[in-house]
Amino acid sequence: MDDYHSPQTIIAANWKMYKTRKGAAEFFDNLLPLVKDQENLVVVCPPATLLMTIADKYADCGVLFGAQNIHWVAEGAYTGEISAEQAADAGAQFVICGHSERRHYFDESNEMVSHKVDAALNQNLRPILCIGETLEEREAGDTLEVLREDLFASLATVEPTTDIVIAYEPVWAIGTGKVASPADAEEAIGFIRAQLRELWGELACKVSMLYGGSVKPENIAELMACPNINGALVGGASLKAESFAAIINYKK
Ligand code: PGA
């Protein structure tokens with residue numbers, strides 16, 4: 001395959017509601033010497049409180065930063081929320097949109113997610129759109145239908161662009177230690193790419209698609225060997241510099 005047209009490889013960390021300044025500084029002190037001369041994109045999505053501090057401090061370290069969530073409205077009386085412009089101003093270049101924890105604990109609908117993706121793109125933030133089935137949906141044989149529905153509805157208002165990143169994150173694999181088998185992950189992501197192709201044409205072949213859900217140093221290489229998987233969104237194993245570095249360095 002022509003490299004120019006290949007999707008970028010992206011290894012992204014989702015720190016969720018973990019770490020303060022001290023822990024973040026220790027993390028980067030340990031991580032940076034381990035991941036020098038990285039050819040792949042490495043993105044860290046810290047809690048909003050840390051974004052500006054670490055984006056400023058580590059601006060030239062080869063790591064990019066992302067927010068974990070934004071509101072879709074440009075500004076206004078939305079106590080506790082942050083806008084795409086504010087996230088970008090704090091140093092984010094990416095933003096996670098529609099993570100299953102936001103969908104389930106905070107009732108985010110596909111409609112909201114699609115507006116968040118739009119808001120991100122309007123501020124030149126690259127959205128990492130998360131979709132994935134629950135255990136019940138998988139056991140009922142509804143996985144592909146759920147993925148199609150979530151993909152189409154989450155992109156309802158979005159213009160085709162390779163700035164978007166799509167993360168397949170089966171809900172049953174998040175934080176549970178149960179990783180999807182490479183075959184299942186490849187099937188799901190291959191399906192998502194085929195659906196995106198229906199929607200956006202050939203551009204879909206250039207969109208980076210990540211797997212997320214209990215990614216660890218022990219399983220990253222077999223996941224990355226799958227043709228449709230272009231990277232990983234890592235939660236628990238991204239909190240320790242050593243394990244995140246081992247994931248980033250999966251080829252070594
Ligand atoms: P996990 O989380 O790696 O801890 O399973 C992944 C995610 O929620 O993005």
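The model is predicted, so local features need pLDDT of at least 70 and side-chain atom pairs count only at pLDDT 80 or more, while totals for chains, interfaces and linings use all residues. Residues are numbered from 1 along each chain as its sequence is written, and side-chain values use heavy atoms, with hydrogens and water left out.

Let's start with helix H1, residues 21–31. Helices here (H or I, at least four residues) and strands (E, at least two) are DSSP runs, numbered from the N terminus. Within H1, the residues Gly23, Ala24, Ala25, Phe27, Phe28 and Leu31 are buried. Buried means under 20% relative accessible area, exposed means over 50%, and partly exposed is in between (1.4 Å probe, protein chains only). What sits over those buried H1 residues? The cover includes strand S2 (41–45), H2, S3 and H10.

Take H2 next, which spans residues 48–57. The axes of H1 and H2 come within 11 Å, crossing at roughly 30°. Axes are lines fitted to C-alpha atoms, for helices over the stretch in contact, and the angles run from 0 to 180 degrees between N-to-C directions. H1 and H2 are therefore roughly parallel to each other. The cut-offs are under 35 degrees for roughly parallel, over 145 for roughly antiparallel, 65 to 115 for roughly perpendicular, and oblique for the rest. H1 passes H2 in a right-handed crossing; a crossing is right-handed if the near helix is turned clockwise from the far one by less than a right angle, and left-handed if anticlockwise. On the H1 side the contact (heavy atoms within 4.5 Å) uses Arg21, Ala24, Ala25 and Phe28, and on the H2 side Leu50, Thr53, Ile54 and Lys57. By class, that gives five nonpolar, one polar and two charged residues. Ala, Val, Leu, Ile, Met, Phe, Trp, Tyr, Cys and Pro count as nonpolar, Asp, Glu, Lys and Arg as charged, and the others, Gly among them, as polar.

H1 also packs against H10, with axes that come within 9 Å and cross at roughly 45°. H1 and H10 are therefore oblique to each other, and their crossing is right-handed. Here Phe27, Asn30 and Leu31 of H1 meet Ala241, Glu242, Phe244, Ala245 and Ile248 of H10. This set divides into six nonpolar, one polar and one charged.

Now for the rings. The structure holds seven aromatic pairs. Rings of Phe, Tyr and Trp (its six-membered ring) pair if their centres lie within 6.5 Å; planes under 30 degrees apart count as stacked, over 60 as edge-to-face, and the rest as tilted. Phenylalanine 27 and phenylalanine 244 make a tilted pair, at 6.3 Å centre to centre with 35° between the planes. Phenylalanine 27 lies in H1 and phenylalanine 244 in H10 (residues 241–248), so the pair ties together parts that are 217 residues apart in sequence. Both of these phenylalanines are buried.

Phenylalanine 28 and tyrosine 58 have ring centres 4.4 Å apart and planes at 20°, so this pair is stacked. Phenylalanine 28 is in H1 while tyrosine 58 is in the loop between H2 and strand S3 (63–67), so parts 30 residues apart in sequence are tied together. Phenylalanine 28 is buried, with a relative accessible area of 0%, and tyrosine 58 counts as buried at 5%. Trp15, Phe27, Phe28, Tyr58, Phe65 and Phe244 form one aromatic cluster.

Phe65 turns up again around glycine 91: leaving aside neighbours within four places in sequence, glycine 91 is in contact with Ala55 and Phe65. Glycine 91 is in the loop between helix H3 (84–89) and strand S4 (94–97), and is partly exposed, with a relative accessible area of 24%.

Finally, look at H7 and helix H8 (residues 182–200), which pack at an angle of about 40° with their axes 10 Å apart. That makes H7 oblique to H8, and H7 passes H8 in a right-handed crossing. Alanine 156 lies in the loop between H7 (143–154) and strand S6 (165–168). Is alanine 156 buried or exposed? Alanine 156 is exposed, with a relative accessible area of 59%.
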